[in-house]
Amino acid sequence: MNLFLDGIAWIFDPAHLNGPGGIWVRIGEQLSYTFGAVALAAIIAIPLGLWIGHTGRGRDVAVLTSGGLRALPSLGLLIIFALAIGIGFKAPLLAFVILAIPSLLSGAYAGVEAVDRRTVDAARAQGMTEWQVLTKVELPLGLPLLIGGIRSGVLQVVATATLAYFASGGALGVFINDGLKTRDYAELIGASIIVTVLALLLEGIFALLQRLFVPRGVTAGRISDVRSRPLRPRAVVGSPIQEGK
Amino acid sequence: MIEFRTVTKQFPDGTVAVDALDLVIPARQTTVLVGSSGSGKTTILRMINRMVDKTSGDIEIDGEDIYSLNPVKLRRSIGYVMQNSGLLPHRKVVDNVATVPMLNGVKKADAREAALTLLDTVGLDRQLAERYPSQLSGGQQQRVGVARGLAADPNILLMDEPFGAVDPIVRAELQQELVRIQRELGKTIVFVTHDIDEAFLLGDQVVLLEKGGRIAQAGTPADILSKPASDFVATFIGADRGRRALRVEVVNGRSVVVDEDGRPTGVLQS
């Protein structure tokens, strides 16, 4: 018996796929948690991160806070929220927002910080206002790292959203829990496969997005950089130089 | 005319970069601030467009206190060229040049058209307009930097070691180009360098700075060469050595100018 194949067979059983509480619905819930939580986290973390990166103020606090938030166990958080505001989708959502904030925050301020200070200085010296420096220089140039932050936030939430069932919040964790309790390993593995595939898909999409958002002038430089170097060491006649001998 | 009256700049860490500076920078001429690192030359330059804020004293442009103006507006009215070109890497050459006019509200098409003309002015092929800065050589980038500095047609052009990072041959080219541009446009140029040869080549007025932004000597290159005000100045300009210590020898009945080592550098024309 092959559990993996059983899992796949479980997924493609129309009885499991459709209907209320079916796979499609659970996938929808999983993705809603993911994008909902990341969107909410973005509203808080991105402006804050941009401000920190632009002004350099509050950086230490941000590093400490995001480090601290990262260390929080999501499950514990989720249960605390569920106890505080009741079961349903709100408690998991809130826990996932907190899970996503550190990645987004550090992506935003690291993106702005990574912009060459001389470029920023020049932009300001040309007469850009602080807002223009941020929106026309720091944001476009920092965008790849910012999207990188969103990417890791999305990945963390999409994987962790399986925990939502602890607060009766639905999503794919329902199947995993169910499979575990009833020893239906096909269901358990099937649901796990779906979560994995979702995560890989999102990862791929965001990797692509991140590449697309590298400003063209920056890529142009990178390409010419690569070309100016030989692709591999050239063959030379004679014995190779061995350093240290 | 730019006027500094007892201007002092002390940085938060306590360093006094500029100490009670009095300086008049005449209009439509090139004034070169020259000195070694730590002489406060860049600080002086950057106080003119308020990229560095003075600690005390008065700075006026044409009699107007620059602290009565909005710093953003002030900067848009002053051209600024820096060492590493400081171009925006994500914008094409033409858009880099058009930056300031567009900030000033000029329509994009008009600003781009004007930018192309400016590329001609600084001796750049218009074909480079659609490239990104990273696709240009260092010398070309500096030319774009100069074009951008000139784009809003400012009266004042600040240049902070603009040719410091290019190789000597390109530097000589760029210097000649600047001399030509200045002959055509007659801007008030404030130019910072640590290279005394560059200072003498470009400056109508040369201001030699010692540590703490104190003026060791200010005057025309001929003034400074003929009458160094102090040993510091004499040493800095190398008055006593190499090709500054020239003498005349008569060879075959003509006056040949030779340097310190007796190597001929030219013939005096009568």
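# Exercises on a two-chain predicted model

Strand 1 (residues 2-10) of chain B pairs with strand 4 (residues 56-61) of chain B in the antiparallel sense, over five bridges. Helices (H or I, at least four residues) and strands (E, at least two) are DSSP runs, numbered from the N terminus, and two strands pair if DSSP finds at least two bridges between them.

This is a predicted model, in which local features need pLDDT of at least 70, side-chain atom pairs count only at pLDDT 80 or more, and totals for chains, interfaces and linings use all residues. Residues are numbered from 1 along each chain as its sequence is written, while chains are lettered from A and ligands numbered from 1 in the order in which they are written.

## Exercise 1. B:Asp19

Task: locate B:Asp19 in its strand, and decide whether B:Asp19 counts as buried, exposed or partly exposed.

Solution. 
- Step 1. B:Asp19 belongs to strand 2 (residues 16-25) of chain B.
- Step 2. A residue is buried if 20 or more other C-beta atoms lie within 10 Å of its own, exposed if 12 or fewer, and partly exposed in between, with C-beta atoms placed from the backbone.
- Step 3. B:Asp19 counts as partly exposed because it has 16 C-beta neighbours inside 10 Å.
- Step 4. Two residues are in contact if their C-beta atoms, placed from the backbone, lie within 7 Å. Leaving aside neighbours within four places in sequence, B:Asp19 is in contact with B:Thr8, B:Gly212, B:Gly213 and B:Arg214.
- Step 5. From B:Asp19 to B:Gly213 is 194 residues in sequence but 6.1 Å in space, C-alpha to C-alpha.

## Exercise 2. Strand 8 of chain B

Task: explain why strand 8 (residues 188-193) of chain B is described as largely enclosed, and identify the bridge partner of B:Val32 in strand 8 of chain B.

Solution. 
- Step 1. Six of the six residues of strand 8 are buried, so this strand is largely enclosed by the rest of the structure.
- Step 2. Both faces are covered, with B:Thr188, B:Val190 and B:Val192 buried on one side and B:Ile189, B:Phe191 and B:Thr193 buried on the other.
- Step 3. Strand 3 (residues 30-34) of chain B pairs with strand 8 of chain B in the parallel sense over five bridges. The partner of B:Val32 is B:Phe191.
- Step 4. Strand 7 (residues 156-160) of chain B also runs parallel to strand 8 of chain B and is joined to it by five bridges; here B:Asp160 stands opposite B:Val192.

## Exercise 3. Chain B as a whole

Task: state how the radius of gyration of chain B agrees with that of a compact globule.

Solution. 
- Step 1. The radius of gyration is taken over C-alpha atoms, and the globule rule is 2.2 Å times the number of residues to the power 0.38.
- Step 2. For 270 residues a compact globule would have a radius near 18 Å; chain B has 20 Å, which agrees.
- Step 3. The C-alpha atoms of chain B fill a box of roughly 65 × 45 × 30 Å along the principal axes.
- Step 4. Chain B has 10 helices and 13 strands, and 40% of its 270 residues count as buried.

## Exercise 4. Chain A against chain B

Task: determine how many residues each chain gives to the contact, and which helix of chain A gives the largest share of its side.

Solution. 
- Step 1. Chain A gives 21 residues and chain B gives 20 residues.
- Step 2. On the side of chain A, two or more residues each come from helix 7 (117-125), helix 8 (130-160) and helix 11 (216-228).
- Step 3. Helix 7 of chain A gives the largest share of that side, seven residues.
- Step 4. The buried residues of helix 7 of chain A pack against helix 8 of chain A, together with helix 2 (71-76) and strand 6 (78-81) of chain B.
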